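This report walks through one protein model, from single residues to the whole chain. Please keep the sequence and the 3D view open while reading.

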Amino acid sequence: MITKIYRGRELKKLLSQKTINDSCNVFKTNSGIEKIYKDVLFDLQRFYHVMMPISVVDEEQIKWLHEKQDEILTSTLPNGIIYFEHYPIGVIYPHCYEGYKSFNDIHNEETSLFFENFKTALVNNIELMNNGIYNYDFTMGNILYKEDDVRLIDLDGKYISKRQDYQKVYTYFMFGMISQIIKKISNCLSELLDFNFDLFSYFVISVVWV
């Protein structure tokens, strides 16, 4: 497992970089991606000092997840911890999924890909649970896809648990999936109405010209 220790100037350089996707705390580096925990990010951005280390990285959790990686084929788990002033302030992931979109946008895809990717997301999550990893933050924003390649992300922190609780795992996912299905139906209805309007217009023009 990787251990990365930041000094003041190095940390300033990291925090001055543009974050990836829609995040406020995830940065692309030579290591892959580095995620600074939000609970200490404000202090670091403003003071470059950890004022109130209320919620920092659970080092034992990251070690446990890293050891699980050999058993997990469809998801990437953290492989390192970031330290600053002796505090574990963030984690490292080996891959950056550039060009991927979140499931918040999946209602815009073709119907076959829409349902196939939801199936894949469920299968990937089942693999985590079969290995004792329960993700209580299984949300649309934490599922990425590029065509039919689906990846679960943000697999660390207070919402990752060893405690089996299917209700907590699937509550946000079910609400998000229903929302995407409704948006998908709305898109289909809109396309159908546009098609019918075009057909009606063509019929009227044809009749008038005849």
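Asp 154 is partly exposed, at 26% relative accessibility. The terms are set by relative accessible area: buried means under 20%, exposed means over 50%, and partly exposed lies in between (1.4 Å probe, protein chains only). This is a predicted model, in which local features need pLDDT of at least 70, side-chain atom pairs count only at pLDDT 80 or more, and totals for chains, interfaces and linings use all residues. Residues are numbered from 1 along each chain as its sequence is written, and side-chain values use heavy atoms, with hydrogens and water left out.

**Positive phi values**

Asp 154 sits in the loop between β9 (149-152) and β10. Helices (H or I, at least four residues) and strands (E, at least two) are DSSP runs, numbered from the N terminus. The phi of Asp 154 is positive, near 60 degrees, and this residue is not a glycine. Most residues other than glycine have a negative phi. Glu 85 also has a positive phi, about 55 degrees, and is not a glycine. Its place is the loop between β4 and β5. Glu 85 is partly exposed, with a relative accessible area of 29%. Tyr 48 follows α2 and has a positive phi near 55 degrees.

**Around β10**

Ile 160 lies in strand β10. Is Ile 160 buried or exposed? Ile 160 counts as buried, because its relative accessibility is 6%. Contact here means heavy atoms within 4.5 Å. Not counting residues up to four places away in sequence, Ile 160 touches Gln 61, Trp 64, Leu 65, Ile 133, Tyr 134, Asn 135, Asp 154 and Leu 155. Take Tyr 134: it is 26 residues from Ile 160 in sequence, yet the C-alpha atoms are 5.7 Å apart.

Asp 165 is in the loop between β10 (160-161) and α5 (166-209). Its relative accessible area is 16%, so Asp 165 is buried. Leaving aside neighbours within four places in sequence, Asp 165 contacts Tyr 134 and Tyr 136.

Pro 78 is in the loop between α3 (59-68) and β4. Pro 78 counts as buried, at 0% relative accessibility. Beyond neighbours within four places in sequence, its contacts are Ile 62, Leu 65, His 66, Val 91, Ile 92, Tyr 93, Leu 155 and Asp 156. Pro 78 and Asp 22 are 56 residues apart in sequence, and their C-alpha atoms are 20 Å apart.

Asn 124 belongs to helix α4 (residues 111-130). Which residues does Asn 124 contact, leaving aside its neighbours within four places in sequence? They are Thr 74, Ser 75, Val 150 and Leu 152. A polar atom of the Asn 124 side chain lies 3.1 Å from the backbone oxygen of Val 150.

**The α1 and α2 region**

Arg 9 lies in helix α1 (residues 8-15). In helix α2 (residues 38-47), the buried residues are Val 40, Leu 41, Asp 43 and Leu 44. An α-helix has 3.6 residues a turn, so residues three or four places apart point the same way. The buried residues of α2 pack against α1, β3 (32-36), β4 (80-84) and β5 (87-93).

Relative accessibility of further residues:

| Residue | Relative accessibility | Class |
|---|---|---|
| Asn 124 | 4% | buried |
| Arg 9 | 76% | exposed |

**The whole chain**

The protein has 5 helices and 10 strands. Of its 210 residues, 42% count as buried. Its radius of gyration, taken over C-alpha atoms, is 22 Å. A compact globule of 210 residues would come near 17 Å, by the rule of 2.2 Å times the number of residues to the power 0.38. The C-alpha atoms fill a box of roughly 85 × 40 × 25 Å along the principal axes. Among contacts with a separation of 6 or more, 67% join residues 24 or more positions apart.

Terms used:
A polar contact is a pair of N or O atoms within 3.5 Å; within protein, one must be able to donate a hydrogen and the other to accept it, and residues adjacent in sequence count only if both atoms are side-chain atoms.
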